[in-house]
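Subject: Structure handover

Hello,

The structure is pasted below. My notes on its sheets and helix packing follow.

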Amino acid sequence: METEKIDTGKKNVFRFALTLVGRFVIFLAALTLIGYLVLTKMESLLQSEIEDFVRMHAEITAQIANERFNGELIQLNRQAKQLEVGILTPDSLISSISLGEPGITAGICDTSLNLISGVVLPESAKMQIKRSMIGESLVNYYEGVGIVMSVPVVYNGNVRFVIYKIYNDKLLKEKYFHLETALSKDIIICDTAINKIVVPTNDFGIGKRFYDKRLNLPKGYERIIAKMSNNNAAALYSPSIDDNYIIFASAIQDSFVVIGYVDWNLAVGEIFNVHRIVVWVFFLLIVLFGIFVLYSFTAELKVAESDELREAKDEADRANQAKSEFLANMSHEIRTPLNAVLGMDEMILRETPIDSPVRTYAWNIKSAGETLLSLINDILDFSKIESGKMEIVDTTYYLSSVLNDIFNMMRFKAEQKGLDFKIEVDESVPDVLYGDEVRIRQVIVNILNNSVKYTQKGSVTFKVTWQRMADGSAMMYFSSIDTGIGIKEEDLPKLFSKFQRLDLQKNRTVEGTGLGLSITIKLVKMMSGELKVESEYGKGSTFTIILPQKVEKYEAIGDFRTRAESFIQQQQNYHESFIAPDAEILVVDDSDMNLFVVENLLKKTKIQITRSMSGKDCLEKLAEHHYDVVFLDHMMPEMDGIETLERSKTLENSKNLETPMIALTANAISGVKEMFLSKGFNDYLSKPVDSKALERMLQKYLPPEKIIATDEEESAEEEITENLSDGTESIESVDVESTNSETSPTETSQDAAQNIDYDLGMQYCGGMEDMYKEFVKMFCDKKSENQEKLQKALDEDNWKDYTTFIHALKSGALSVGGKVLSDQAKALEMAGRAYLDNNDISQLDYIKENHSKTMEMYDEFVKEAAARGFIEADEANENSTPKSDDKTQNIDVELGMQYCGDMEDMYKEFVKMFCDKKSENQEKLQKALDEENWKDYTTFIHALKSGALSVGGKILSDQAKELEMAGHAYLDNKDTAKLDYIKENHSKVMKLYDEFVTEAKERNLL
């Protein structure tokens, strides 16, 4: 019997050993195969990297060759200029050329190819000379002749003679235009138009290494030229050409190319040593694996008897993990279609008449669906907590914003049940706190939902108080006080048990899983808080959440109830142009204020908005979810909007490759739209964001099936708003002839003597007179600044900038009804473009003759605006914006209210956010200034400029803009003088920021 056991044990050991050996052999074979594939791939990558390196060397070689050819052409052009002005005569010029390198000859001929001086023109080069007669400087090679360079000689704008210079084949073969570099001395110049060698190396020829006897060309010529078909340079390693050299080629003058050969070992260098090290490491890993297998064999023999116990434990762990994964996965899987059901049900509710029975069914679906969704969310949160995946993420938040959301949500639910919902907030509670805003909102909503759910009549009161702690933090008290059914004393210990329902006989009609309070208390404990309950059965309950919170700023929340009611009233007065509850958009901006603006402007449209505050986070969201429209801020730290857009187009798993991308920018000058379109954006929207412009943009790019119009508009009005949607461009498709020959409907109302077409300006402003007057004022205020920029560009002959500035003037004038001024500016713009595109010098005379006339028309426009009451009379004589030392002018409340849709509470909220950010903004700017990090400084000052303008800080915004422009000038052109300007004026702008905050307090805006 013992012998049988021993034999059985030996057999088991043998089987076990055989299994291990078999696994080792299989894994060794797989590892060998992988090793072979890795080595093959490494060789392929090595070859590709070396080819790229040599290709870059080819481009540098071509640049050197180009400089040599261009140097000869420049010298020849200089001599042609001397001939033109009379410094040289034809004979003296030819003599000076002939006295140079032996083998170089030259000649001069007239437009009839008659020889004026020098050698006779080769017959094969006559076509080249004819081309030079139209003003071209050319370089060509002719077999049996050599290289011929020709340049025109111009008298009074016309070509009179052509100078040609000939480098014969013998000279080219021996030494002229020869190239050598550190990597290659075997560099040949060929003419691909005739497939001939132009400049060979000294020892190139029959029997040499790089000579192709069949073609009488460099070895590998056909293959490297074919590889260059899509690029100016190429490199190729092929053992069939030469197993020790890499051939390269790069284009130079006209049809010429340089072709050279680089020693493989010289190019590889240390890279090949790294390659060998990787191979040794790989084989070392194989040896280590063998040792590991032997160790495993010994170890597994020792623990074989515990396999069953370990398998039982693993099975239990798998079952527990499967339970958690099932809860999480099913919650997600059910919630996805349920959200679609609720969304479609919302559409049914909106489109069904009130008296229809279908509406009753839809309400029942909505109620049941929301209840089911709430239960699923509870299960999901519970599974996260159980699995340890729930995290607390602390950020700075505004308590008033959280309370406002909760107030609106719970007020609606309470009213549905006929309950009176009250809110009592201690006016001294600090508003700016630091904690997990999402989880705080969740636990408060949970206790309030519980109160509303178990209260059949009476009221629910939400009370917020606080206590200042010794360490400066705040102990927050959030209480829900109801007049509901209460809780029996014996049931209080079971209140927070999971899946526990109390007093089921009395509460059998109340839906729920019993998870809500269990989740709430776990979340509260995770935030180092406490949940207390006081209840009297039959009379009601009080739930109090006690949470410690850091205080970012001790600024009292004030009269929250009055603010909340005022905000609701403002929301009721607002009338959106459309709603799109199924639409989803992503808004990316590094400023939380800007995100707050967009969210509030679109609140009534019911669009689903996703926030993102960086380019990196944006890319992650684009890869995870599809959006109908993406608004992408231009100026952001680390990764700006343009770089983010470029990277989004290369995301392999992106779900938004076809999604419209709209640029958000505070830069609204002429040409910005074209710049963003050229970078790949579909459109752009200027900041501060105007609500109507934002809605028009969404109507333009959202899928039509997701837009629900709230009122009917005339097609003509839609066409006007479509044309003006970007805020900077006028109707560019109308040319000069059509504008002069046809009269538009808006022009019929204008007297010929008037400079301002009021009807046209009102049309561009959507019929809103206040907005029109504000635009006229802004246009007039900019007069001196615009005129100075134009005059400076004119004086410096900077026609590119002049054309850009006059284009902006043209568009701005048209948008305020200055049709006459706009047409005059357009003529100047077209003249500027004609010069820039075609070098038509006569257009510059037109600009210089008509510039002053246009500026006079600008002056007349401002005077007429004052005479007709569009601006104050004394403003017609102002040349700039108000001085910063006039305290009453630091804040333009009317301008700020305009950006906030005339909602005073929202405007004050923006001013408060802007002032609260002062210290943080100033610290970031000062740090960037001290570290001379001009990229970040420019980004931060750009954000300050936009933020200041959105709250009416026109002066501060203008001064910040000057610093931003100086920063861009340095970053783009390395203009170090701009850094001195920044350093001199930075403190002045920070002082303006301080004065803004002081004035905001004095004027009770905070």
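Which residue in β5 is the bridge partner of Y155? The partner is N158. Strands and helices here are DSSP runs (E of at least two residues for strands, H or I of at least four for helices), numbered from the N terminus.

This is a predicted model, in which local features need pLDDT of at least 70 and side-chain atom pairs count only at pLDDT 80 or more, while totals for chains, interfaces and linings use all residues. Residues are numbered from 1 along each chain as its sequence is written, and side-chain values use heavy atoms, without hydrogens and water.

Antiparallel sheet

β4 (residues 146–155) and β5 (residues 158–167) pair in the antiparallel sense over nine bridges; two strands pair if DSSP finds at least two bridges between them. Both belong to an open sheet of five strands in the order β2-β1-β5-β4-β3, with antiparallel pairing. β2 (115–118) and β3 (138–142) are the edge strands, each pairing on one side only. On average, neighbouring strands of this sheet are turned by 25° against each other, direction ignored. Helix α2 (residues 90–98) lies across β1 (104–110), β2 and β5, at about 160° to β1. Axes are lines fitted to C-alpha atoms, for helices over the stretch in contact, and angles run from 0 to 180 degrees between N-to-C directions.

Parallel sheet

A second open sheet has five strands in the order β22-β21-β23-β24-β25, with parallel pairing. β22 (608–612) and β25 (683–686) stand at the edges with a single partner strand each, so one side of each has no neighbour in the sheet. Within it, four bridges join β21 (residues 584–588) to β23 (residues 629–633), and I585 has V629 in β23 as its bridge partner. Helix α15 packs on the sheet, touching β21, β22, β23 and β24 (661–665), and its direction makes about 140° with that of β22. Helix α16 lies across β23 and β24, at about 140° to β23.

Helix pair

The axes of α15 (residues 615–624) and α16 (residues 641–648) come within 10 Å and cross at roughly 25°. That makes α15 roughly parallel to α16 (angles under 35 degrees count as such). The contact (heavy atoms within 4.5 Å) is made by G615, C618, L619 and L622 of α15 and T644, R647 and S648 of α16.

Strand β10

A233 and A235 on one side of β10 (residues 233–236), and A234 and L236 on the other, are all buried, meaning under 20% relative accessible area with a 1.4 Å probe, protein chains only. Four bridges join β10 to β11 (residues 245–251), and the two run antiparallel. The partner of A233 in β11 is S250.

Regards

Key. Parallel < 35°, antiparallel > 145°, perpendicular 65-115°, else oblique. Buried < 20%, exposed > 50% of the residue type's maximum accessible area, 1.4 Å probe, protein only.
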